[in-house]
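Student: I have a model open and want to learn how to read it. Where do we start?

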Amino acid sequence: MPGEEFDDDFEFDLPEAPPVPAGGSNAQQSMPPAQMEMMQQMMQQMSGGRPGAQPARQYPSDVVMDGEEDGPHKHWTTVYPIYVDAKRRYRHGCRRVAYEKAVLFPNSLYLANAAKRLELEYKHEPNRTHPQDWENPGRIKVRLFGPDGRPLHANIPTKQKLIEAISELLQSKAGGVPPPLTERRRCSQQSSRAALRPRQRLIRQVPFPEPLPPHSPALATGLLNMDMAKMPGADALKSMGPLGSMMSSMGLGDDDEPPAAQTPAKPPPALGRRQRKRVVRIGR
């Protein structure tokens with residue numbers, strides 16, 4: 001009514017926050033322990049190293065985030081995990097060490113730890129990706145040469161020696177010695193990418209808690225164990241040309257299975273002169 005004042009002094013009980021589980025938040029419970037430990041190591045590396053550890057040489061801010069790649073380390077030697085990955089073919093921009101000396105499950109954090117053990121000046125770029133290894137992001141930049149072009153370390157004079165030294169350190173830490181291959185599978189070094197599928201399936205059977213880094217896009221999108229050959233519309237990949245080959249090179253699908261036998265199409269029946277005239281008239 002016009003002469004009355006509205007009283008809005010009402011008291012309501014505020015909703016209570018849900019109790020936090022004893023093991024932490026839901027995000028922490030959903031993350032496997034191996035991923036959590038690897039993420040903590042990366043955060044410790046970003047803060048300058050493990051607390052209490054005193055390495056022989058300490059270089060500040062070893063991790064380089066997005067937007068900081070154009071520093072003095074831009075022209076240092078680059079090492080990607082694919083260079084020591086046993087699941088990849090030899091050369092062609094991929095593995096650069098022998099299969100027996102390669103690493104089963106490398107990642108950029110392992111590369112950074114290996115460079116630290118070798119007492120090298122390095123930078124860790126966790127978000128940089130090799131064009132042929134999108135599911136395993138990250139790389140390191142190592143300072144091997146001085147301004148005059150001469151190597152700074154007598155025991156590691158070239159990039160190939162650096163990759164071999166890193167592979168030797170990581171093999172026992174990231175899966176162990178690669179499983180032996182048959183003679184037929186050894187020939188896959190000179191064959192197509194489809195010949196690597198038996199090797200990749202053999203290596204993926206090796207038990208390892210963390211085959212990919214925690215920030216891998218394959219883990220975020222659920223493509224790690226996806227088989228495109230069993231998905232609806234998989235037959236369309238066979239007629240996609242270069243795009244289908246690219247999907248196959250990513251490990252999506254299986255090219256080793258022999259194609260299904262197809263019955264030859266029957267030739268069209270022969271037409272008589274009158275039938276041919278009728279077809280021409282209808283076409284007009």
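Student: Does E135 count as buried or exposed?

Tutor: Start with the cut-offs. Buried means under 20% relative accessible area, exposed over 50%, and partly exposed in between, with a 1.4 Å probe and protein chains only. E135 has 16% relative accessibility, so it counts as buried.

Student: What should I know about the model itself?

Tutor: This is a predicted model: local features need pLDDT of at least 70, side-chain atom pairs count only at pLDDT 80 or more, and totals for chains, interfaces and linings use all residues. Residues are numbered from 1 along each chain as its sequence is written, and side-chain values use heavy atoms, leaving out hydrogens and water.

Student: Where is E135 placed, and which residues does E135 touch?

Tutor: E135 lies in the loop between β2 and β3. Contact means heavy atoms within 4.5 Å. Leaving aside residues up to four places away in sequence, E135 touches R88, L212, S216, P217 and A218. Next, polar contacts: a pair of N or O atoms within 3.5 Å; within protein, one must be able to donate a hydrogen and the other to accept it, and residues adjacent in sequence count only if both atoms are side-chain atoms. The side chains of E135 and W134 make such a contact, at 3.4 Å.

Student: How many helices and strands does the chain have?

Tutor: Helices (H or I, at least four residues) and strands (E, at least two) are DSSP runs, numbered from the N terminus. The chain has 9 helices and 3 strands. Along the sequence the pattern is α-α-β-α-β-β-α-α-α-α-α-α.

Student: In what order do the strands form the sheet?

Tutor: Two strands pair if DSSP finds at least two bridges between them. Here 3 strands form an open sheet, ordered β1-β3-β2, with antiparallel pairing. β1 (77-79) and β2 (122-125) stand at the edges with a single partner strand each, so one side of each has no neighbour in the sheet. The twist averages 20° from one strand to the next.

Student: Which residue of β3 is the bridge partner of T78?

Tutor: K141 is the partner of T78. K141 is also the bridge partner of K123. β1 pairs with β3 (residues 139-142) over 3 bridges, and β2 pairs with β3 over 4 bridges.

Student: Which way do the residues of β2 point?

Tutor: Y122 and H124 point one way, K123 and E125 the other way, and all are buried.

Student: How do I describe two packed helices?

Tutor: Give the angle between their axes and the distance between the axes. Axes are lines fitted to C-alpha atoms, for helices over the stretch in contact, and angles run from 0 to 180 degrees between N-to-C directions. α3 (residues 108-117) and α4 (residues 159-170) pack at about 105°, with axes 9 Å apart. Angles under 35 degrees count as roughly parallel, over 145 as roughly antiparallel, 65 to 115 as roughly perpendicular and the rest as oblique. α3 and α4 are therefore roughly perpendicular.

Student: Which residues make that contact?

Tutor: From α3 come Y110, L111, A114 and R117; from α4 come I166, L169 and L170.

Student: Why is α3 described as largely enclosed?

Tutor: Because 7 of the 10 residues of α3 are buried, the rest of the structure largely encloses it. Among them are S108, L109 and Y110. At the start of α3, a side-chain oxygen of N107 comes within 3.0 Å of the backbone nitrogen of L109.
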